[in-house]
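Hello,

Here is the structure I said I would pass on to you.

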Amino acid sequence: MLPTQAPAAAQVFHTVLAHGPLSRAEVTRRTGLSPGAVTKASAPLLEDEWIEEIGPPPGERAAGRPATLLAVRAARAGFVGVKVTADELFCVRTDLTARPLATRRVELDSQDVGSVVQAIGKLVRRITTGPAVRDAPHVEGLGVAISGDVDGHTGVVHRSPFLNWQGVPLARLVEEATGLQTVIENDVRALTVAEQWSGAGAGLSSFAVVTVGTGIGAGLSIGGNVVTGAHGVAGEVGHLPVRGGERMCTCGNVGCVESIAATQAIVEQARQAAGDPKLTMADAVRLARGGNKAVLAVFTRAAQALGLAIATVANLIGPERIIISGEGVAFYDLYAEQIRETFAAQAFGAAKDCDLIVRPLPFEEWARGGAAVAAQNLVAPTRPRNGSARG
Ligand SMILES: [Zn+2]
């Protein structure tokens, strides 16, 4: 365990983890701590080998005095991350920097809480005892990434529409099933942490991830922190109201972005447009690409709603970059033009300068986000440690 959980030590560790290797001066600048405080906070972390001093980058050796860099010792601890979807579990075992060492996936027989927890327990046992990862660092914690209104502080899934769960104390249940210290997090936020550590958000002071698929959500990273919201909800762009929307959303409201642009919403509207009640998403994509005007209009309207959601994120937090991901990017060709157009029309002033990129990220990346959240939790716990959250 960490020798100290003093706030300054946690801050230094966090900064080096997400942005390192860094010189002490850079840690000072990024944390806002004094140079003396950084040295004091680093000492126990160095002593217990959570971080180490490494030489300067190759090109900088000759330039002036040699600056040693602080880096996280990746092999110091291992983690497991799990992404829960409506029908599958994706699992990844990582080192302290959330670098993947092994992955597994399994289909779910049922969405019943008990059987999902049991399946997680089985999968985690397989990945922690598998021969392929015998030399991997000891697993110190588990992070579960799951969609919906998820409270990482209490470990409770308040509501997850796609699993039809309400008020599930998932962290405690998974902890009992695996024997591992467990944190849970909204899946898009977990993915955003993974992108911040080693993805398209690395090194950026602010960015957002907007995911399009079964659900539509956003992870917001502002000033180096992924926003969790005071009550566990933040970045729910899928539930922004869209002008003229009349379809019912999974949240019970009418006219949300998700009710127009989520996978199931597109399938339902395409069925109506094509007059075929058995139409699948693949059929809808094929028809739209083939020039079926009525079905193409469904995708165009979805793209308008998405463009509005993306512009709203840009207007609210002014990120350097917005990463568009999720299963929906597989047919981004049907969205691209309209998203660009709506974004350009709705983004205010310089918010238009935000870099929009499309990045397919498989569910293993979302699971890796779960592991990253577990690693963060080791340093700055969101839940009481040592099982005291039980009961
Ligand atoms: Zn909604």
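To start with something to look up on screen: which residue forms a salt bridge with Arg 172? The partner is Glu 176, and the closest N and O atoms of the two are 3.4 Å apart. Both sit in helix α5 (residues 170-178), where a spacing of four residues puts about one helical turn between Arg 172 and Glu 176. Arg 172 is partly exposed, at a relative accessible area of 27%, and Glu 176 is also classed as partly exposed, at 46%. Please keep in mind that this is a predicted model.

**Salt bridges**

The structure has 16 salt bridges. One of them pairs the side chains of Arg 24 and Glu 53, with an N to O distance of 2.9 Å. Arg 24 belongs to helix α2 and Glu 53 to strand β2 (residues 51-54), so this pair ties together parts that lie 29 residues apart in sequence. The relative accessible area is 24% for Arg 24, which is partly exposed, and 44% for Glu 53, which counts as partly exposed too.

Helix α2 also holds the pair Arg 30 and Glu 26, which are four residues apart and so separated by about one helical turn. Their closest N and O atoms are 3.1 Å apart in the salt bridge. Arg 30 is partly exposed at 36% relative accessible area, and Glu 26 is partly exposed at 21%. Since buried means under 20%, Glu 26 at 21% falls in the partly exposed class.

**The zinc site**

What coordinates the zinc ion? The donors are His 239 through ND1 and Cys 249, Cys 251 and Cys 256 through SG, at 2.0 to 2.4 Å. The angles that these four donor atoms subtend run from 105 to 121 degrees, which makes the arrangement tetrahedral. For reference, the ideal angle for four tetrahedral donors is 109.5 degrees. Along the sequence, the donor residues follow the spacing H-x9-C-x1-C-x4-C. His 239 and Cys 256 both lie in the loop between β14 (225-226) and α7 (258-261), so the pair ties together parts that are 17 residues apart in sequence.

Two or more lining residues come from each of α1 (7-19), α2 (24-31), β11 (182-186), α6 (187-198), β14 and α12 (363-379). Helix α1 gives the largest share of this lining, with seven residues. Sorted by class, the lining of the largest pocket has 19 polar, twelve nonpolar and three charged residues.

The second largest pocket has a volume of about 620 Å³. It is lined by 36 residues, and Ser 147, Gly 148, Phe 162, Gly 215 and Glu 258 lie nearest its centre. The elements that supply at least two residues each are β4 (78-84), α6, β12 (206-212), β13 (216-222) and α12. Strand β13 provides the largest share of the lining of the second largest pocket, at three residues. By class, the lining of this second largest pocket splits into 14 nonpolar, 13 polar and nine charged residues.

Best wishes

How values were computed:
Residues are numbered from 1 along each chain as its sequence is written. This is a predicted model: local features need pLDDT of at least 70, side-chain atom pairs count only at pLDDT 80 or more; totals for chains, interfaces and linings use all residues. Side-chain values use heavy atoms; hydrogens and water are left out. Donors are N, O and S atoms within 2.8 Å of the metal (3.2 Å for Na, K and Ca); water is not among the atoms, so sites may look incomplete. Four donors count as tetrahedral if all angles lie between 85 and 135 degrees; four count as square planar and six as octahedral if opposite donors are over 155 degrees apart and all others between 65 and 115; anything else is irregular. Ala, Val, Leu, Ile, Met, Phe, Trp, Tyr, Cys and Pro count as nonpolar, Asp, Glu, Lys and Arg as charged, and the others, Gly among them, as polar. On a 1 Å grid over the protein atoms alone, a cavity is a set of points where a 1.4 Å probe fits but cannot get out, and a pocket is an open set with protein on both sides within 12 Å along at least five of seven lines; lining residues have an atom within 4 Å of a point. Grid points are joined across faces, edges and corners, and a volume is the space filled by probe spheres set on the points. A salt bridge is a side-chain nitrogen of Lys or Arg within 4 Å of a carboxyl oxygen of Asp or Glu. Buried means under 20% relative accessible area, exposed over 50%, partly exposed in between (1.4 Å probe, protein chains only).
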